[in-house]
Amino acid sequence: MIDLNKLNKNQKEAVLSDSQYVRIIAGAGSGKTRVLVTRIAHLINDLNVYPNKILAITFTNKAANEMKDRIRRILKDENTSSWISTIHSLCVRILREDILSMGYPRNFTVMDSDDQRVILKEAYKEIGVTTQNYSYSSMLDYISNNKSAYISYDRALVLAGGFFNEENKAKVYEYYVKRQNDMYALDFDDLLLVTVKMFKKYTEILNKWQNRFSHIHVDEFQDIDNIQYELISLLAGVNNHLYVVGDPDQTIYTWRGADVNIIMNFEKDFKPCHTIILNENYRSTKNILSGANSLIKNNKYRVEKDLYTNKVNDEMITFYSAPSEEYEASWIAQKISDDYEKGKNYKNFAILYRSNYLSRSIEKGLLDKHIPYVIYGGTKFYDRAEIKDALSYLRMISNEDDLSFNRIINKPKRGIGNKTLEKILERSKVLNLNMYQTIKKEKLFSGKLQKTLDDFVSKIERWKSLINENNVYELLDLIIDESGYRIMLENDKEIERLENLKELINDIRSFSIENPESSLDEYLQMVSLYGDKDDDNKIDYVSLMTVHASKGLEFDTVFVCGLSDGVFPSERSMADGRKGVEEERRIAYVAFTRAMNKLYLTSSSGFSYVLSKSRVPSRFIDEIGEEFIENVNQPKNDVSVKTILNTDVSIDNVKSEKYKKGDQVYHKLFKEGIVIRVQSGIVEIAFKHPYGVKKLAEGHPSFSKVKTLS
């Protein structure tokens, strides 16, 4: 008999249940993996179920390997033959046996993301489009969405409705699928789709695989999508046992297709269903858990459960609101430094944020305190491609160096190839000039190519002429517009990269405020120093990551930063209404429950270039029961707007022109514009192409009302 003495009452019930259909609602930190592996060991050891009749589906290879190891340790058997794998690995095994029925050889190719891009590169060349028209990532999303919706390329062409861009996308989709068929290659979407199609087409194959298993288990059930659910339902049939484990409160991957309705409605789809709630948390202290519970209770669509813990200490959740992002980062770094001095290791700490752009100020705060850190599953802010591109544009204006020239000459695409660059380089050596000075001095080419280079020089020279009369951050905003870089990202729906660029502009603005006599060169030198700081200590470091990346992890002390409305919850989710905010609340719940002993929540006030408005603390702070949270340094109502107006006075004391809809204005960089909206001290102005609509703080000295004759 498997030893169940270490399990609590609900965990034992979950392990021993003999119901055909079981739904385990496993709260954060409630020991769901222990229950799942003990359940499988119980089936094998106590109920004499053959190991190879047991299937367990996980969603990462790491989780699958961990489950295998733990089952082996329980059974003291190195050769357990249960099927424990990701759902994609399961499909590969199924298809290797039976894909001949679908006209594919057993040695079909499984394509990774690099393989997909190779095909897209061929397709783009064939059809006459470029990544400037459609990025590879956006095109792969288009193809995936069509496949998942069972829309063929022929149907996609019809749905394009004669629109040129949509027709081109459908043609790329057609090329991609036909090229796959030529190579007998399946991408990750196909692994699921072809397996489901095969099961539905050939009853005898489906029956074979239904008979292969008697007990099917699915971990992280709240994160599966409809196609995965269809596959699992087909395998379960009417005779097999189906045992699912998940938590609706932790459904945070809807953007990837996850549907909370699947776990919520499971008991309707599989009757009779035995639902067991694991509600004892072994991770977090009482105040952390109670605070998280009080937050998630504001969601209406969930399975009611009250998590509790026997882990008690007197530490409350701490909320700190700083006057700026820099102060917020400095405060976090100081707290970590103080605890490190008291004997805590850096690996005890994690800093979580809703979006990647928020790491910028945090990274600088840690570097200033010489605190080693690693960005989990991501790239450091100043190492991100779009940041390097933007900084290279600034370096071109400042230094005209060849490294920057080579980086930006085709960002965005200008049709300048390697042979052209080689010729420019060779000529620059002869003239003893840099590459930019060479194309400025001599016309080395003719026709369209020469015109492209002339236009590039013209833009660089124009931006140089503006550097002394404008703020650097405003100039960079202009460069991103006039270079075509912004429209390139907007066309590709690269929201995160656009947010990173806005955060870079915010960084330059903050540097200018703190160093009013500084130059562009000094800022670029500062960035180089920060970007070059890379601690060799790879053993002990603070972990930085998005909340999504933190799923399944736990840390002694957790900081959740950037808790402002519009950031967390995000503006996009707020625009979606209750459904969107409930998803954000689930994300916050996941973040809070990563903490074992101490949870810090932080926000900052001041103007946000990403949001184009002043920050206010997240609504989620007020939803935490006041008996579980302490507020330190709460902001006053007349928050300093140093970050908005380059002054230290409050909004109430600022004397500025009042604007109304229809007013004509003149901006130092964007020239003439018309006010289209005024709200909460922010003026929305429509400028001529290519600048478009800008949101600016009312009273900012960069623009003013045009006086008209009455």
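Trainee: Which residue stands opposite Thr557 in S14?

Mentor: Thr557 faces Lys598 there. Keep in mind that this is a predicted model.

Trainee: Which other strand do five bridges join to S14, and in what sense do they run?

Mentor: That is strand S9, residues 317–322, and it runs parallel to S14. Within S14, Leu601 is the bridge partner of Phe319.

Trainee: Why is S13 called largely enclosed?

Mentor: Six of the six residues in S13, which spans 555–560, are buried, so the rest of the structure largely encloses this strand. For S14, eight of its 10 residues are buried, and that strand is described as mostly covered.

Trainee: Why is Tyr253 called buried?

Mentor: Its relative accessible area is 11%. Buried means under 20%, so Tyr253 qualifies. Tyr253 sits in the loop between strand S7 (241–246) and helix H12 (260–264).

Trainee: What does Tyr253 touch, leaving out residues up to four places away in sequence?

Mentor: The contacts are Asp223, Ala258, His548, Lys551 and Glu583. As for spacing, Tyr253 and Ile224 are 29 residues apart in sequence, while their C-alpha atoms are 8.8 Å apart in space.

Trainee: How do you know that H2 has the span expected of a helix?

Mentor: Helix H2, residues 32–45, has 14 residues and reaches 20 Å from its first C-alpha to its last. At 1.5 Å a residue, 20 Å is expected, and the span is close to that.

Trainee: What makes H2 mostly covered?

Mentor: Of its 14 residues, 11 are buried. Among them are Val35, Leu36, Arg39, His42 and Leu43.

Trainee: How many cavities of 30 Å³ or more are there?

Mentor: Two cavities reach that volume. The largest cavity has a volume of about 120 Å³. It is lined by 15 residues, and the closest to its centre are Glu325, Glu328, Leu358, Gly562 and Ser604. Helices H15 (325–341) and H16 (359–368) are the elements that give two or more residues to that lining.

Trainee: Why is a space called a cavity rather than a pocket?

Mentor: In a cavity a 1.4 Å probe fits but cannot get out, whereas a pocket is an open set. The second largest pocket holds about 520 Å³ of space. Of its 21 lining residues, the closest to the centre are Lys147, Val177, Asp190, Val194 and Lys197.

Trainee: Which element gives the largest share of the lining of that second largest pocket?

Mentor: H9 does, with five residues. H6 (136–148), H8 (164–183) and strand S5 (185–186) are among the elements that give two or more.

Trainee: How far apart do the C-alpha centres of domain 1 and domain 5 lie?

Mentor: They lie 56 Å apart. The domain assignment gives domain 1 as 9–93 + 193–280 and domain 5 as 663–705.

Conventions: Residues numbered from 1 in each chain as written. Predicted model: local features only at pLDDT ≥ 70, side-chain atom pairs only at ≥ 80, totals over all residues. Heavy atoms only, no water. Helix = DSSP H or I, 4+ residues; strand = E, 2+ residues; numbered from the N terminus. Expected span 1.5 Å × (residues − 1). Buried < 20%, exposed > 50% of the residue type's maximum accessible area, 1.4 Å probe, protein only. Contact = heavy atoms within 4.5 Å. Pairing = 2+ DSSP bridges. Domains from an automatic or database assignment. 1 Å grid on protein atoms, 1.4 Å probe; cavity = no way out; pocket = protein on both sides within 12 Å on 5 of 7 lines; lining within 4 Å. Points joined across faces, edges and corners; volume = space filled by probe spheres on them.
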